[in-house]
Amino acid sequence: MRSLALCCLSGCWGRIPGAVNYGPTSYHVIQISSFANSTWAQNQCSGWLEDLQIHGWDSKSGTAIYLKPWSKGNLTDKELAYKEEMFRVYLFRFIKQIQALAKIYHMKYPFQFQVIAGCELRPGGSIVSFLRKALGGLDFLRFDNDTCVPSPEWGHLAQQVCALVTALRGFIAAERQFLYEICPRFLLGILDEGKAELQRKVKPEAWLSSGPSPGPGRLLLVCHVSGFYPKPVWVMWMRGEQEQPGTQHSDLLPSANWTWYLQATLDVASEEAAGLSCRVKHSSLEGQDIILHWGQPISITSICLAVIVPTLILLLCLALWHMRHHPCS
């Protein structure tokens, strides 16, 4: 089963930072409509700048929630109020239309529809819009311009729904207005208003640890990389200049401050761990890669500090105790 929300655009750990990276370039709305029975349904909606949520939706009041000061873009309050009203009407009509389709095609309750619609700014300045719908987590249909394309996974049902939806000219007009008029302007406005935050670069922090033993005589080497922005990053276990193909990567996890975290692990025989290193590439490093060596010996300076600093602290404490209990006469 494939969740439609996972069909979104953004990159993964393997996107090596290029010469320039200006952060997110796409905006999309995710709508999840749950139908418990023929009379009860609920909508959950959110707006995303690639992986960053910048809008919520209060289903009780039917109003948008702006999660960033710049997430209104360059639209006026009057324009935003109009867009919210359009979206309220759309959600009401969507529920009614799906309930009617469920009755016609004897769809079994409960079920859930997922919709993702948005636009992406491509290199060169062109903007490409997209709209996809899923039923129960499986692709149901998508729109190419004004053409409804049914998914083979739902066979005759998707074909019939496409035919019916295409006949609803008002519905098509509303979706077209969002995809080709509202979304592109909104995206460009958000990118402009939020550029100070969206185009920032935050250097990653990296450290090494060992994970649970994979088995007798083996080590799981873990390279942690955290606190970086933008998202594209390259992390690999190396031996000299040779990449280790057994490197495994966790999912990129977001932090509350809009930075990212990643783990790269390598399962090796204990005797083969010496000489391995973790290498991190990120646009914020400007070519100065982070390289951490596994089992690197502690330097003489570090050893001296580890011995001298606690000793000095102990001597200071003793001196203070002596002064308190034996004050000068």
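Student: Ground rules first: helices (H or I, at least four residues) and strands (E, at least two) are DSSP runs, numbered from the N terminus. What kind of model is this?

Tutor: This is a predicted model, where local features need pLDDT of at least 70 and side-chain atom pairs count only at pLDDT 80 or more, while totals for chains, interfaces and linings use all residues. Residues are numbered from 1 along each chain as its sequence is written, and side-chain values use heavy atoms, with hydrogens and water left out.

Student: OK, disulfides. How many are there?

Tutor: Three disulfides, taking a disulfide as a pair of cysteine sulfur atoms within 2.5 Å. If you count the bonded cysteines along the chain, the pattern is 1-4, 2-3, 5-6.

Student: Which cysteines have their sulfur atoms 2.1 Å apart?

Tutor: That's Cys119 and Cys183. Their S-S torsion is about -90 degrees, so this disulfide is left-handed. The pair links distant parts of the chain, with Cys119 in strand E5 (residues 111-121) and Cys183 in helix H3 (residues 169-193), 64 residues apart.

Student: And Cys119, buried or exposed?

Tutor: Buried, with a relative accessible area of 0%. Cys183 is buried too, at 1%. Here buried means under 20% relative accessible area, exposed over 50%, and partly exposed in between (1.4 Å probe, protein chains only).

Student: What is Cys148 joined to?

Tutor: Cys162, with S to S at 1.9 Å. The torsion about that S-S bond is about -70 degrees, so it's left-handed. Cys148 sits in strand E8 (residues 147-150) and Cys162 in helix H2 (residues 155-167), so the link ties together parts 14 residues apart in sequence. Both Cys148 and Cys162 are buried.

Student: Which cysteine does Cys223 pair with?

Tutor: With Cys278, the sulfur atoms being 2.0 Å apart. This link is left-handed, with -80 degrees about the S-S bond. Cys223 belongs to strand E10 (residues 218-228) and Cys278 to strand E16 (residues 276-281), so parts 55 residues apart in sequence are tied together. Cys223 has a relative accessible area of 0% and is buried; Cys278 is buried at 0% as well.

Student: Switching to H3. How far does H3 reach?

Tutor: Its 25 residues span 34 Å from first C-alpha to last, close to the 36 Å expected at 1.5 Å a residue. The expected span is 1.5 Å times one less than the number of residues.

Student: Where's the kink in H3?

Tutor: At Ile182, shortly before the proline Pro184, and it's about 40 degrees. The bend at a residue is the angle between axes fitted to the seven residues ending there and the seven starting there. Ile182 and Pro184 are among the buried residues of H3, and Cys183 is another.

Student: What about holes? How many cavities of 30 Å³ or more?

Tutor: Two. A cavity, on a 1 Å grid over the protein atoms alone, is a set of points where a 1.4 Å probe fits but cannot get out, and lining residues have an atom within 4 Å of a point. Grid points are joined across faces, edges and corners, and a volume is the space filled by probe spheres set on the points.

Student: What lines the largest cavity?

Tutor: Leu131, Phe143, Asn145, Asp146, Ile172, Glu175, Arg176, Leu179 and Tyr180. The space in there is about 40 Å³, and H3 gives the most to the lining, with five residues. By class that's five nonpolar, one polar and three charged.

Student: How are those classes assigned?

Tutor: Ala, Val, Leu, Ile, Met, Phe, Trp, Tyr, Cys and Pro count as nonpolar, Asp, Glu, Lys and Arg as charged, and the others, Gly among them, as polar.

Student: And what's the lining of the second largest cavity by class?

Tutor: Eight nonpolar, no polar and no charged residues. Its volume is about 40 Å³. Helix H1 (77-104) and H2 each supply at least two of the lining residues, and the lining includes Ile98, Phe113 and Val161.

Student: Last topic, backbone. Which residues does a cis peptide bond with omega about -10 degrees join?

Tutor: Tyr109 and Pro110, with Pro110 in the loop between H1 and E5. The bond from Tyr229 to Pro230 is cis as well, omega near 5 degrees.

Student: What's the phi of His106?

Tutor: Positive, about 50 degrees, although His106 is not a glycine. His106 is in the loop between H1 and E5 and counts as exposed, at 70% relative accessibility. Glu50 has a positive phi too, near 50 degrees, but Glu50 is buried at 16%.

Conventions: On a 1 Å grid over the protein atoms alone, a cavity is a set of points where a 1.4 Å probe fits but cannot get out, and a pocket is an open set with protein on both sides within 12 Å along at least five of seven lines; lining residues have an atom within 4 Å of a point.
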